[in-house]
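Thank you all for making the time this morning.

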Amino acid sequence: MGRFFYWKLAADNIRKNIQVYLPYILTCTATVAMYYLMHSLSQNSGLGKMSGGDTVQMMLSFGFVVVAIFSAVFLLYTNSFLIKRRKKEFGLFNVLGMEKKHLARIMMYETIYIAVISISAGLIGGIVLSKAMFLLLLKLLRFEVQMGFEISGSAIVFALLLFGTIFFLTLLSNLRQVHLAKPIELLKGGQVGEREPKAKWLLTLSGLASMGTGYYLALTAESPIAALTLFFVAVILVMIGTYCLFTAGSIALLKLLRKNKSYYYRPNRFTTVSGLMYRMQRNAVGLANICILSTMVLVTLSTTVALFVGVEDVLKTRYPRDIVISSYGITDEYIDNLGATVAQVLENHNLVMQDPMEYRMLSFVGIAQGNEFLTDEPSLNISPSRLKTLCFIPSEDYSGLTGEEVQLAQDEVLLYSQGADYEYESLSVLGRTFSVRKQLNELPAVTEWDISGRHFLIVKDMDVVEEMYHAQADVYGEHGSKLTYHLQFDFPGDVSEEGEIAFYKDLRSSLPSGGVSRYIESREAVKDEFYSLYGGLFFLGLFLGILFIMGTVLIIYYKQITEGYEDKERFAIMQKVGMSREEVKRSIRSQVLTVFFLPLIVATVHISVAFPFITKLLAVFSLRNTLLFATCTGGTVLIFALFYGLVYHRTARVYYRIVSM
Amino acid sequence: MYILEVKNLKKVYTPRFGGNQVQALSSVSFGVEKGEYVAIMGESGSGKTTLLNILAALDTPTAGDVLLNGRNIGSIPQKEIAAFRRDNLGFVFQDFNLLDTFSIRDNIFLPLVLARKPYQEMERRLTPIARKLGIEPILAKYPYEVSGGEKQRTAIARAIITNPQLILADEPTGALDSRATDGLLRLFREINEEGQTILMVTHSTKAASFAQRVLFIKDGEIFHQLYKGDSSEEEMYQKIADTLTMIATGGERRG
């Protein structure tokens with residue numbers, strides 16, 4: 001026998017079994033490509049430089065770990081299915097006089113062929129794909145994105161190691177199977193019945209419990225800052241719940257359905273329920289993975305889209321007027337000075353102010369304890385949710401902002417609370433107790449949200465504000481707050497962008513200081529920066545979204561197709577027993593439909609539950625347009641579902657063709 | 001009155017990519033009376049399976065008619081064919097054709113479920129059949145957990161639970177050991193004695209010797225037939241063996 005006999009035999013074997021090996025190789029290739037893309041993106045230097053990029057990279061690193069585990073589980077399973085189909089062939093070789101060590105050699109060569117083909121195709125595919133996506137997306141979005149195409153060496157090395165190991169493991173498991181079996185068992189290998197799945201009630205119940213707790217935590221979370229850690233716990237719980245319910249819960253549910261005789265013994269349900277039970281046993285972990293990754297991608301995609309689309313909204317919230325001037329540590333003289341300077345610079349630029357808003361304010365932090373706000377408690381070890389910022393504004397300034405005359409007694413306040421509602425009738429701080437005369441629904445000029453939540457108190461006059469100023473300065477000493485003055489105004493609509501920026505630069509250099517720290521912000525000047533930041537995030541979201549949709553959908557597609565070959569015989573029997581083609585079609589449709597859409601449906605439920613929380617989180621990013629976010633979330637889910645639907649349609653058709661061949 | 005009538009059945013396979021046409025059946029005519037137990041014997045390639053497939057409406061003839069209870073199978077529209085098969089025919093196959101994903105009970109229920117029968121009726125029908133076939137203890141098990149004989153008895157239960165006009169059996173003993181074969185053949189005879197019409201295709205002399213009538217098929221034609229009459233299984237066995245020898249050695253046709 002020639003030296004290359006086994007190599008040739010191995011290649012022939014793959015060629016002969018191309019019908020099952022092609023999907024396998026393609027799946028391996030897609031998995032490798034997906035892994036490479038995730039890993040290389042997490043190493044992308046441009047992304048690291050982008051603001052917020054490091055967080056995204058951390059998420060991606062988590063993502064590629066998930067993909068790695070997913071790949072291992074998935075490929076090992078697919079392989080075991082493949083080898084089951086081929087046992088007969090090995091049995092034949094064995095019977096024809098080939099020793100097991102020769103079989104092992106053939107199997108090794110086969111694995112090497114497949115590994116080399118799919119890893120190299122996957123890496124090339126991953127590199128080409130990432131290049132193509134960068135080009136396409138950069139062309140689509142006409143703005144500067146600070147990330148570029150890179151080939152990541154470490155991602156390649158890791159991919160080689162990871163998938164080399166996975167293929168080695170598949171080889172080991174194959175060798176074990178062949179080694180243990182007798183030739184006659186090998187010959188019959190393809191016919192060994194699969195054990196009926198057992199219902200694991202304990203796992204189902206713990207899955208329900210952890211999912212329920214996770215949902216409860218997510219739904220009851222209040223302010224974003226307080227809930228962030230809690231939310232993380234919720235995410236973990238929901239993940240555990242998802243895995244438990246997909247693996248154990250699905251089978252338990254199907255068993256319950258089967259117990260209900262009048263439900264179960266109906267033509268369509270009969271085949272669907274029993275078929276699904278086996279299908280879930282094989283696919284549950286994969287589907288749970290897909291569900292969790294889908295949730296992650298959908299959340300990323302919808303938030304980044306919302307931020308990008310809502311960038312104007314964000315700007316308007318963050319900067320209520322075209323020009324925003326904030327000064328800390330003010331005096332009356334300073335305010336007059338500032339007004340004069342602004343008027344002067346406006347005149348120089350031939351501009352006028354529109355809708356100006358000005359107010360004085362004192363804000364400091366207190367620790368909430370019922371309706372009392374403490375200032376003397378050491379701030380260590382305090383739940384962040386108790387930290388509240390109290391903002392005092394004199395009623396005359398409030399009248400100026402709203403045009404509404406307010407008469408307040410010495411200890412009366414109007415209260416506007418951001419975030420959670422304020423549930424008490426009065427409020428005590430620094431030895432003073434104010435009774436809340438009325439709660440306000442909004443406060444013009446204050447559109448930005450603080451991460452901890454703020455209470456705005458409209459008090460009788462500036463004297464009260466100053467009294468509070470001295471009181472808190474005594475307690476906090478050098479960490480005490482200063483009195484602030486805020487002036488904001490718009491320009492008429494016809495002022496050009498350049499004009500605004502020129503004014504802004506001029507004003508910045510000519511404002512009086514006099515021991516006052518002041519900040520001048522121009523909406524126009526930061527616009528580009530915002531677009532670049534949110535555009536970058538948007539790009540990343542799209543990139544991951546597209547990558548992920550392609551990956552998962554392809555995987556499900558090939559998986560269903562391979563299962564089609566297994567189910568062929570089953571449906572042939574049913575047709576012989578008197579199942580019509582229509583019924584076969586219907587049964588296939590409902591099974592494939594479930595496998596396809598279950599992860600998506602559960603992911604959608606996850607997202608709906610997370611929605612209120614994410615809305616609060618986005619408010620911190622100054623996006624408070626809930627409708628916009630809802631639209632983006634809905635739209636993302638819809639597009640995702642649409643794409644899914646297309647591939648599902650195709651899968652069901654191919655599947656039916658295989659089964660009815 | 002024939003329950004099944006086959007008239008001048010002809011089947012020619014035309015390969016899709018040209019090549020020689022293969023004539024599986026040249027001209028087959030016979031009839032099966034209600035309550036009869038008929039075996040069709042022939043060597044591999046004689047056209048047995050083609051015949052059975054056509055009778056089962058799984059394949060269509062090139063020419064000729066199959067009448068079941070006077071109704072031409074060929075005239076049944078494609079949409080109704082599955083229901084027709086389900087309501088009128090019961091199948092027993094050599095390799096059992098049980099579904100691994102269903103328990104023995106559910107395998108037997110399958111045709112009734114497809115016929116949308118209520119569950120109570122399924123149970124009612126199953127009880128006497130399971131007792132008769134001795135499969136009561138294994139109803140909750142799965143096909144891979146039971147023996148070949150038990151599998152075949154399950155298949156029989158599935159075939160008779162619909163009270164079909166006709167049971168079609170394709171080499172039912174082909175995958176069974178001799179003890180299971182004996183048991184199965186006795187069962188077939190019992191069922192037949194209760195009035196069930198059976199048509200069995202086989203090349204086992206033993207299996208055929210249990211039938212009331214044996215048709216011999218060769219080169220796509222009915223070549224000969226034997227009536228059992230009052231003879232015992234042993235006598236019938238001898239007669240069949242003689243006929244087979246004659247066919248194999250190319251003896252004269254006699255009728």
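Let me begin with a definition: a residue is called buried if 20 or more other C-beta atoms lie within 10 Å of its own, exposed if 12 or fewer do, and partly exposed in between, with the C-beta atoms placed from the backbone. By that criterion, 44% of the 255 residues of chain B count as buried. Please keep in mind that this is a predicted model, in which local features need a pLDDT of at least 70 and side-chain atom pairs count only at pLDDT 80 or more, while totals for chains, interfaces and linings use all residues. Residues are numbered from 1 along each chain as its sequence is written, and chains are lettered from A and ligands numbered from 1 in the order in which they are written.

On confidence, where pLDDT is the predictor's confidence in each residue, from 0 to 100, chain B averages 86, and 96% of its residues score at least 70. For the complex, the predictor gives an ipTM of 0.78 and a pTM of 0.72.

Chain B contains eight helices and ten strands, taken as DSSP runs numbered from the N terminus, with helices being H or I of at least four residues and strands E of at least two. The radius of gyration of chain B is 18 Å, close to the 18 Å that the globule rule gives for 255 residues, so chain B is as compact as a globular protein of that length; the radius is taken over C-alpha atoms, and the rule is 2.2 Å times the number of residues to the power 0.38. The C-alpha trace of chain B spans about 55 × 45 × 40 Å along its principal axes.

Turning to chain A, two strands pair if DSSP finds at least two bridges between them. Strand S7(A), residues 432-440, runs parallel to S5(A), residues 412-417, through five bridges, and Leu414(A) stands opposite Lys438(A) there. S6(A), residues 426-429, is joined antiparallel to S7(A) by four bridges, with Leu427(A) opposite Phe434(A). Two residues lie between the strands of this hairpin, in which Leu430(A) takes a positive phi near 50 degrees.

How many residues of chain A are in contact with chain B? There are 21, facing 23 residues of chain B, where contact means that C-beta atoms, placed from the backbone, lie within 7 Å. H11(A) gives the most to that side of chain A, with five residues.

Technical notes: Two residues are in contact if their C-beta atoms, placed from the backbone, lie within 7 Å.
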